[in-house]
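Here are my notes on the model you sent over. Have a look at it first, then go through the points below.

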Amino acid sequence: MDPPNEHETPNNVKLRILALALLPLALARLEAAGSLINAYSRQSLSLNGKWNVIVDPYETGFYDYRYQPYDQGPDSTAAFFMDHRPADKSELVEYSFDRSPTLMVPGDWNSQAEKLFYYEGSVWYRRLFDIRASRPGNRLFVYFGAANYEADVYLNGKKLGRHVGGFTPFFFEITNAVKPVGNSLIVKVDNKRHREGVPTLNTDWWNYGGLTRDVMILEVPGTFITDYCVQLQKGSLDRVAGFVRLDGVRREQKGRVEIPELGTSVEFTTDSDGVARLDFALGKAQLWSPENPRLYDVAISCETDHVSERIGFRTIEVRGADILLNGRPIFLRGICLHEENPLRGGRARSAEDSRLLLGWARELNCNFLRLAHYPHNESMARIADEMGLLLWEEIPVYWTIQWDNPATLDNAKTQLGELIGRDRNRASVIFWSVANETPVSGPRTDFLRQLIGLARDLDPTRLVSSAMEVHADPSDARTLMVDDPLNEATDVTSFNEYIGWYVGQPDLCAQVKWVIKSPKPVLITEFGADALQGLHGDAAARFTEEFQEDLYRKNLQMLSKIPQLRGIAPWILVDFRSPKRTLPGIQDGWNRKGVIGENGTKKKAFFVLKQFYDGKTAMP
Ligand code: GCB
């Protein structure tokens with residue numbers, strides 16, 4: 001096995017170890033992805049706020065004039081844009097963080113500075129801070145909610161490492177690298193798109209760059225609870241199965257899981273790897289559901305640490321064509337969502353943003369959201385837990401990924417592992433989705449099967465799927481088939497369809513014949529049409545609200561005839577920015593398929609969908 005590369009984050013290293021070692025035991029696999037779980041409950045110093053920035057399109061701070069990186073090689077751990085090269089050593093001053101402008105963190109740069117609106121490249125961020133651990137022996141970590149897409153992180157002139165992937169958390173230990181006063185944290189964030197990246201070059205969303213989520217310093221005890229899973233065992237309404245993992249020198253400890261409201265208190269003992277397996281009776285709990293999103297305080301303690309959070313308990317399974325929540329069939333009244341606050345502009349970045357977006361979904365009478373097409377911030381799942389909304393979470397394996405490239409697969413696995421590591425205790429999350437609309441081929445199906453396998457290894461309790469495509473029968477354009485071999489590996493038959501928009505007119509819906517041989521539950525993960533909010537006209541006129549409304553009516557009628565239909569998530573709750581959408585006067589850089597416009601006003605289709613969902617709620 002290769003030694004861990006210094007540029008890898010602890011998360012990456014653990015995932016690589018997982019992939020290479022092919023650990024035989026389910027328990028061992030469960031805990032191997034690693035994470036700094038429940039980071040927000042930790043004692044922390046927020047580094048949110050203004051950071052000084054240097055926009056560096058030629059990466060002058062990273063490469064010398066021979067285009068060699070400064071921070072490669074055995075002795076050089078720093079980049080050029082470092083405070084440890086004080087200006088007074090040279091008369092030439094060509095950069096200065098002190099005199100540079102600032103950007104707010106968390107936040108994308110595109111919506112904060114007009115000249116960065118279309119920018120795809122590197123920006124250096126610097127933040128000065130003082131910190132002292134509150135107890136000797138405690139450990140400090142710098143934690144990033146996400147940085148899109150690559151982040152090179154330096155503290156006091158030393159490189160901490162690099163993280164690749166724009167939507168998942170990462171962290172570095174800084175216990176021995178910080179001083180009480182005058183620390184300089186520098187991050188180069190680069191949002192250039194790459195063919196071999198995840199996502200790749202071509203997406204239908206805005207490539208917001210920057211430190212888009214919270215940054216904080218976390219303080220934990222010398223040996224601390226780094227990861228745990230406290231969830232109902234698959235198929236059981238009263239047994240908890242999971243694990244606790246400690247990190248630090250005192251790995252063998254006695255600990256306890258307590259759920260005071262249930263009178264549950266269970267002891268565990270961690271082994272020499274710091275791992276304890278959990279398997280206990282939950283007690284007389286109310287199960288979590290959209291109608292009753294009951295959460296319980298769960299406290300986990302060991303001799304050196306304790307953490308707590310609110311956790312809901314529910315099961316999710318498939319039986320025949322049914323999706324069973326807590327053993328009972330459920331219809332998923334869904335909608336898709338990008339992580340964007342159109343009212344303010346830019347990436348959604350706060351709990352308030354999550355509440356706004358999820359609140360709109362609730363007004364639509366949804367019980368389900370597809371968080372497209374990448375992991376949204378952690379508050380989304382936490383607030384969905386509170387509000388009783390079920391979630392489909394996805395990684396950005398989108399359209400035409402490099403299926404033959406092992407590094408691309410590793411990248412996708414890392415992002416999936418980091419997402420599952422972050423959200424595996426959220427009752428709201430019922431699906432891990434490994435991809436969206438990927439073209440069928442042998443290498444693609446192998447790639448996605450590996451991701452599905454990883455998701456199942458890391459989390460045997462949730463459903464796993466992908467948004468697939470439909471194809472017309474070559475001999476009859478009105479016969480639509482789902483013939484994707486990936487369907488054998490997924491828990492549901494989930495696919496996108498655009499009848500009436502990209503395929504024919506809405507009237508086609510009445511003539512369509514579906515051939516879905518799979519006995520699994522069918523979930524429509526997208527359908528929709530662009531409409532400019534406030535543009536009215538004939539139902540036959542594209543881009544009017546009336547066209548979109550008509551398309552919704554006809555699609556809903558058509559889809560209702562699929563016997564195995566167990567849920568839909570039309571595309572999409574709110575208009576979102578996309579550089580691909582250029583039609584002047586109509587799109588102007590926005591994908592207009594929202595049932596809510598960029599100004600927050602509901603379009604006519606919103607009410608058609610709500611009526612459909614109201615009818616579903618009335619059903620047993
Ligand atoms: C799709 C994609 C989604 C696009 C949407 C559209 O099939 O999955 O990302 O934004 O269609 O509007 O075309």
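1. Some housekeeping. This is a predicted model, with pLDDT of at least 70 needed for local features and 80 or more for side-chain atom pairs, while totals for chains, interfaces and linings use all residues. Numbering starts from 1 along each chain as its sequence is written, and side-chain values use heavy atoms, with hydrogens and water left out.

2. On to helix packing. Helices (H or I, at least four residues) and strands (E, at least two) are DSSP runs, numbered from the N terminus. Axes are lines fitted to C-alpha atoms, for helices over the stretch in contact, and angles run from 0 to 180 degrees between N-to-C directions. The axes of α5 (residues 406-423) and α6 (residues 442-458) come within 10 Å and cross at roughly 25°. That makes the two helices, α5 and α6, roughly parallel (angles under 35 degrees; over 145 is roughly antiparallel, 65 to 115 roughly perpendicular, and the rest oblique).

3. Who touches whom there? From α5, T408, L409, A412, K413, L416, G417 and I420 meet F447, Q450, L451, L454, A455 and L458 of α6, contact meaning heavy atoms within 4.5 Å. The residues in this contact of α5 with α6 split into nine nonpolar, three polar and one charged. Here Ala, Val, Leu, Ile, Met, Phe, Trp, Tyr, Cys and Pro are nonpolar, Asp, Glu, Lys and Arg charged, and the others, Gly among them, polar.

4. α3 and α4 have axes 9 Å apart and pack at about 45°, so they are oblique to each other. By class, their contact has seven nonpolar, three polar and three charged residues.

5. Backbone spots to check by eye: the A372 to H373 peptide bond is cis, with omega near -20°, and H373 is in the loop between β22 (368-371) and α4 (378-387). Another cis bond joins W571 and I572, at omega of about 20°; I572 is in the loop between β31 (565-568) and β32 (576-577).

6. Lastly, N365 is not a glycine, yet has a positive phi of about 65°. N365 is found in the loop between α3 (351-363) and β22.
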